[in-house]
Amino acid sequence: MTPTTTISHSAFAKKVLEPSSKKAEAEALSFYYGDFKAIKSVTLPIQEKRVTALIGPSGCGKSTLLRSFNRMHDLYPGNRYEGSIRLFPDNTNILDPRVDPIEVRMRIGMVFQKPNPFPKSIFENVAYGPRLRGESRRAVLEERVEAALKSAALWSEVKDRLGEQAFTLSGGQQQRLCIARCLATDPEILLFDEPTSALDPIATASIEELINQLRQRVTILIVTHNMQQAARVSDYTAYMYLGELIEYGETADLFHKPQRAETEDYITGRFG
């Protein structure tokens, strides 16, 4: 797919970034599917309460890198990591085998390309994480569910339908429900893997607006093929190709003044 070739300068007009500390950092990270090296010694800082976009052609390792941040690859045999991903301020290497991947996924939530609500009620979808952490008090669960749904801009649409099955919601509502499910565990980082690729333009705009709101309380790492979307929602952008990190920087700089010819070729549509 050829990337969008024009990015409006107005997309960057309000991106004046204040200093921020690192929330996480991949350090010399490599990842293997069996003998295949999909990620090649990537070092990438993730700034706290900022949105970082991963861009690049299909098969370049964006989603593989993203899923490393919450140990999703542990679910399949034959996969292995080299290097580290450190979570701050406690400086925990979340790839350390002594670190519980379930706890990692509570701290780092993930929203997938296609909405994936559980075959449960709207209420129980959002209450799932707190229940998993041992919370069983109904009043507390109700409070957590309401707060998460409000944070995901869904409460007003579902507050009278909490007992209904999640699959009765529209596609855009299901995706916001999945975001609420993540928010219910009060995560430090949210991972978005092309969260709007299966949605219509109206639902896409709603998710993008929500991302802009969420950056005030949580760090976000998003994979997107849409250059315009990366320009609209991200503060920092990383361009990947064949498993390598080619260039990383503030989004406005990377799109308008890329330092590498490969990056410029991709964002201007000359790639391939």
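A residue is called buried under 20% relative accessible area, exposed over 50% and partly exposed in between (1.4 Å probe, protein chains only). By this definition Ala-148 is buried, at a relative accessible area of 3%. The model is predicted: local features need pLDDT of at least 70, side-chain atom pairs count only at pLDDT 80 or more, and totals for chains, interfaces and linings use all residues. Residues are numbered from 1 along each chain as its sequence is written, and side-chain values use heavy atoms, leaving out hydrogens and water.

Ala-148 lies in helix α4. Helices (H or I, at least four residues) and strands (E, at least two) are DSSP runs, numbered from the N terminus. Leaving aside residues up to four places away in sequence, Ala-148 touches Val-126, Ala-180, Leu-183 and Ala-184. Contact means heavy atoms within 4.5 Å.

Helix α7 (residues 201–214) has 14 residues. Its buried residues are Ala-203, Thr-204, Ile-207, Glu-208, Leu-210, Ile-211 and Leu-214. They share one side of α7, because they cover an arc of only 160° around the axis. The arc is that of the directions from the helix axis to the C-beta atoms. Elements covering these buried residues include β3 (51–55), α4 (138–151), α6 (171–183), β7 (189–193), β8 (219–223) and α8 (227–233). Exposed Pro-201 and Ile-202 sit on the face of α7 turned away from its buried side.

Ile-102 is found in helix α2 (residues 101–107). Ile-102 counts as partly exposed because its relative accessibility is 41%.

Terms used
Expected span 1.5 Å × (residues − 1).
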